Amino acid sequence: MKRLMQLCSVLTLLCSQNINAKTFVTVQQAISAKTTISLQYDQAPRLVQVIKDSLKNSHQFATQNKPQHIYWLAAGLYDYSTESEFQQTQQQVIAALKTRYEDIDKPNNILALNTLSAWLNDNKFIKREFIPLDYDSIRLKEELNPRLQGRYLLTLPHKSEHVMVLGAVVKNGQQPFVIRQDASEYLNKAMPLNDSEDNFAWLIQPDGKLERYPIAYWNQHHIDIAPGAIIYLDFQGVRDNEQWLNQQVLELLRHWIR
């Protein structure tokens with residue numbers, strides 16, 4: 001495999017890239033990070049090669065010469081070819097949220113929808129490849145080491161200190177992560193709506209794994225919530241088609257670029 005690596009800004013890469021290259025990978029610590037590693041390959045590389053090259057140059061992410069440890073559970077590989085598709089879904093969901101209760105006198109419901117739609121509008125979503133990214137795992141198993149062809153974003157974040165609580169709650173947004181705290185406690189602080197699911201919430205772990213989390217007194221079962229996870233509470237009880245909206249929001253959240 002012939003490999004060409006460049007450490008440069010996105011602008012510099014666009015000016016100097018080989019137009020015959022098959023794969024481009026932008027590596028960032030987070031979507032909001034200013035430091036970028038740009039990897040270019042003439043032939044489709046194996047995932048392990050991309051991870052190896054990224055780790056080799058991850059010192060570029062250091063702050064004040066202090067390395068930032070990678071939180072592999074939240075590391076994500078995103079396919080840029082799906083960007084327009086997800087932008088369209090994002091705008092459809094935001095539009096639906098803004099008009100959902102406009103004819104109903106429910107101030108808290110309207111507030112919840114407005115804060116959720118504002119959060120969705122401020123963030124970015126692209127198809128996430130739900131595959132392990134830990135170098136020590138993928139280098140030993142060929143089935144976890146596919147070839148990559150196209151344009152990708154690879155995020156290698158450090159561990160979050162928060163949990164995101166979204167959905168049918170008055171206070172959509174992040175809360176401090178608390179070890180062993182269950183979903184009900186996070187939700188209570190976010191103030192669930194009367195028109196919300198009261199038996200189960202959804203837990204999206206930092207790796208994108210989706211789980212139903214029991215929150216009623218009769219079905220209590222603890223599930224560890226990892227730093228950087230998302231707790232989503234379904235809207236329920238006002239519109240007949242709210243399940244469609246909940247499913248669309250959940251799909252976006254699983255592909256959230258952190």
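The model is predicted, so local features require pLDDT of at least 70 and side-chain atom pairs count only at pLDDT 80 or more, whereas totals for chains, interfaces and linings use all residues. Residues are numbered from 1 along each chain as its sequence is written, and side-chain values use heavy atoms, with hydrogens and water left out.

**Overall make-up**

- The protein has seven helices and ten strands, where helices (H or I, at least four residues) and strands (E, at least two) are DSSP runs numbered from the N terminus.
- Of the 258 residues in the protein, 47% are buried, a term that stands for under 20% relative accessible area, with exposed meaning over 50% and partly exposed lying in between (1.4 Å probe, protein chains only).
- The accessible surface of the protein is about 13,600 Å², and 47% of that belongs to carbon and sulfur atoms; such areas come from the Shrake-Rupley method with a 1.4 Å probe, and for residues only the protein chains shown count as cover.
- Among contacts (heavy atoms within 4.5 Å) between residues at least 6 apart in sequence, 68% join residues at least 24 apart.

**Helix α3 against helix α7**

- The axes of helix α3 (residues 83-99) and helix α7 (residues 242-254) come within 10 Å and cross at roughly 140°, the axes being lines fitted to C-alpha atoms, for helices over the stretch in contact, and the angles running from 0 to 180 degrees between N-to-C directions.
- That angle makes α3 oblique to α7, given that angles under 35 degrees count as roughly parallel, over 145 as roughly antiparallel, 65 to 115 as roughly perpendicular and the rest as oblique.
- The crossing of α3 with α7 is left-handed, meaning that the near helix is turned anticlockwise from the far one by less than a right angle, while clockwise would be right-handed.
- Phe86, Thr89, Gln90, Val93, Ala96 and Leu97 of α3 make the contact with Trp244, Leu245, Gln248, Val249 and Leu252 of α7.
- The residues of this contact of α3 with α7 comprise eight nonpolar, three polar and no charged, where Ala, Val, Leu, Ile, Met, Phe, Trp, Tyr, Cys and Pro count as nonpolar, Asp, Glu, Lys and Arg as charged, and the others, Gly among them, as polar.

**Helix α3 against helix α4**

- Helix α4 (residues 107-121) packs with α3 at an angle of about 165°, with the axes 9 Å apart, and the two helices are therefore roughly antiparallel to each other.
- α3 passes α4 in a left-handed crossing, and the contact involves Gln90, Gln91, Val93, Ile94, Leu97 and Lys98 of α3 together with Leu113, Leu116, Ser117, Leu120 and Asn121 of α4.
- In the contact of α3 with α4, six residues are nonpolar, four polar and one charged.

**Three buried residues**

- Thr82 lies in the loop between β4 (76-79) and α3 and is buried, with a relative accessible area of 8%.
- Leaving aside neighbours within four places in sequence, Thr82 is in contact with Ile126 and Lys127; the C-alpha atoms of Thr82 and Ile126 are separated by 6.0 Å, although these residues are 44 residues apart along the chain.
- Thr155, in strand β5 (residues 150-155), counts as buried at 1% relative accessibility.
- Not counting residues up to four places away in sequence, Thr155 touches Gln28, Gln29, Ala74, Ala75, Gly76, Tyr78, Ile257 and Arg258.
- Pro157 is in the loop between β5 and β6 (162-167) and is buried, with a relative accessible area of 9%.
- Apart from neighbours within four places in sequence, Pro157 contacts Gln29, His69, Ile70, Tyr71, Ala74 and Ala75.
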